[in-house]
Each structure stands twice: as C-alpha cells, then as structure tokens.
Amino acid sequence: YEESVERFGPDAETLVFMVECLMPLKRYEEAKVLLLKALTIDPYNDEVHFFLGECHHANGKFKSAIKAYNKAIKIEDRREEYHLSIAKSHEALGDIDLANHYYKKATHIASEQNQYWIEYALFAKRHRSIEAALDILNKADLIAVGADLMYHRAACMFELGLRKQALATLEEALMDDISWAQNFIDLCPQVVNDKKVKAMIRYYRGEQEL
C-alpha cells in the first residue's frame with residue numbers, strides 16, 4: 001500500500017486499507033494521521049469516520065469515538081459493526097439504554113450472524129440479568145445457526161439452575177462442534193468439576209477421534 005501511495009498518490013480507499021493493517025498492531029496514532037488525510041480527500045467516506053471512532057475508543061476517548069461513529073452511521077446506517085462499536089462506547093460511558101439500543105440494532109441488521117447476538121447477550125448478562133441474556137439467545141436460535149450460540153445458551157441455563165435443559169443443549173453443541181468445548185468451560189467455570197459434563201466432553205472427543 002505504501003508503494004501504491006508513492007507511485008500513484010494517496011486515495012481514501014488505499015489509506016483505509018493501510019489503517020486496517022495498523023489497527024491490529026495498535027498503531028493508533030499512525031492510523032489517525034492517515035485517516036485525517038483520507039478525510040481531506042473524501043469527507044463522506046463512512047469507513048474513515050468508523051476507523052477514527054475505533055482509534056478514539058482504543059485510547060479511551062469514548063465521547064470522541066461516539067461522535068465519529070455517529071458520522072459513519074449517518075452516511076451508512078446498515079453496517080452492523082458500526083452499531084456494535086457505538087454500543088460498546090456508550091456502555092463504556094455507562095449509557096446503558098443507548099448501548100442496549102445499538103446492540104439490538106446490530107442484531108437486526110445482521111440477524112444471521114452469531115457474533116452480534118452473543119455480544120448482545122453478554123451485554124444483557126453484564127447489565128440486566130442472565131434471564132435476559134438467555135431470552136436474547138433463544139431469539140437468536142430461531143434465526144441464526146451455530147454451536148457457539150448453543151454453548152452460550154447452555155452456560156446461561158447452568159447458571160440459572162436449569163440443569164436438564166442445559167445438559168441437552170450442551171450435548172447438541174458438542175455433537176455440532178467439539179472444538180468449542182474448552183471455550184465453554186472458560187465461559188461457564190462452575191461446570192469444571194461436573195462429572196456429567198466432563199464425561200460428555202470426553203465421549204464426544206473420543207467420537208471425533210474415531
């Protein structure tokens with residue numbers, strides 16, 4: 001990308017691609033310089049505003065992040081990741097009602113993508129109740145498909161004392177994707193010494209080896 005900029009000059013799209021490389025490296029100040037340059041080229045590029053929000057959020061500047069995310073959403077309001085990110089910034093500021101609105105909006109836009117339902121459910125668990133989280137995951141189960149959803153549902157059921165339903169849901173998840181078993185133990189540490197759960201995991205691990 002640097003070679004491209006040197007040879008052909010900067011354009012907003014290439015600068016965004018460079019920022020996408022800098023973000024995982026946590027080189028946020030360098031990313032911001034490129035994003036501000038991109039804004040002078042294309043002030044109506046929603047991705048530029050979004051990544052500016054990501055830089056601000058990473059640096060703990062949540063109000064600035066929200067302003068940037070709002071600009072991105074004003075330009076393009078059907079990007080679920082924009083709504084998820086602004087939800088997290090509102091949550092960080094303690095604006096729980098607004099955070100709930102945007103978490104929910106993300107699930108509406110990307111209703112078939114598990115990660116947004118799971119993020120919403122974890123938010124509900126943090127700020128409302130385990131029952132609310134399970135309700136969200138049950139709704140997700142009608143629309144989306146995936147073992148990760150089932151593991152999260154099973155974890156909520158165990159926490160609520162719904163052992164019979166939890167074991168049935170966990171077994172279904174293990175049959176679907178045994179590789180998530182350790183993640184489940186981390187998610188629901190109360191079952192780490194549960195003989196029935198340990199036996200089920202051993203059984204399905206053995207089945208996979210066969």
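This is a short walk through one predicted model, from its overall layout down to a few residues.

Some ground rules. Residues are numbered from 1 along each chain as its sequence is written, and side-chain values use heavy atoms, with hydrogens and water left out. Because the model is predicted, local features need pLDDT of at least 70 and side-chain atom pairs count only at pLDDT 80 or more, while totals for chains, interfaces and linings use all residues.

Overall layout, then. The protein has 13 helices and zero strands. Helices here are DSSP runs of H or I with at least four residues, strands are E runs of at least two, and both are numbered from the N terminus. The C-alpha trace spans about 60 × 40 × 30 Å along its principal axes. Of the 210 residues, 44% are buried. Buried means under 20% relative accessible area, exposed over 50%, partly exposed in between, with a 1.4 Å probe and protein chains only. Take the contacts with a separation of 6 or more: 49% of them join residues 24 or more positions apart. A contact is heavy atoms within 4.5 Å.

Next, Val19. Val19 sits in helix 2, residues 12–22. Why does Val19 count as buried? Its relative accessible area is 0%. Beyond the neighbours within four places in sequence, Val19 touches Ala31, Leu34, Leu35 and Phe51. Take Leu35: 16 residues from Val19 in sequence, 7.5 Å away in space, C-alpha to C-alpha.

Now the aromatics. Rings of Phe, Tyr and Trp (its six-membered ring) pair if their centres lie within 6.5 Å; planes under 30 degrees apart are stacked, over 60 edge-to-face, the rest tilted. That rule gives 10 aromatic pairs. One of them is Phe50 with Tyr69, a tilted pair: 5.9 Å centre to centre, 40 degrees between the planes. This pair links distant parts of the chain, with Phe50 in helix 4 (residues 46–58) and Tyr69 in helix 5, 19 residues apart. Phe50 is at 7% relative accessibility, so it counts as buried. Tyr69 is buried too, at 0%.

Phe50 has another partner. The ring centres of Phe50 and Tyr82 are 4.7 Å apart and the planes are at 25 degrees, so this pair is stacked. Phe50 lies in helix 4 and Tyr82 in helix 6, so the pair ties together parts 32 residues apart in sequence. Both residues are buried.

On to helix 7, residues 96–109.

Last, the largest pocket. Its volume is about 150 Å³. Which helices supply at least two residues each of its lining? Helix 7, helix 8 and helix 9 (130–141) do. Helix 9 gives the largest share, four residues. Among the lining residues are Lys104, Thr107, His108, Trp117, Tyr120 and Asp135. By class, the lining divides into four nonpolar, two polar and four charged.

Terms used: Expected span 1.5 Å × (residues − 1). 1 Å grid on protein atoms, 1.4 Å probe; cavity = no way out; pocket = protein on both sides within 12 Å on 5 of 7 lines; lining within 4 Å. Points joined across faces, edges and corners; volume = space filled by probe spheres on them. Nonpolar A, V, L, I, M, F, W, Y, C, P; charged D, E, K, R; others polar.
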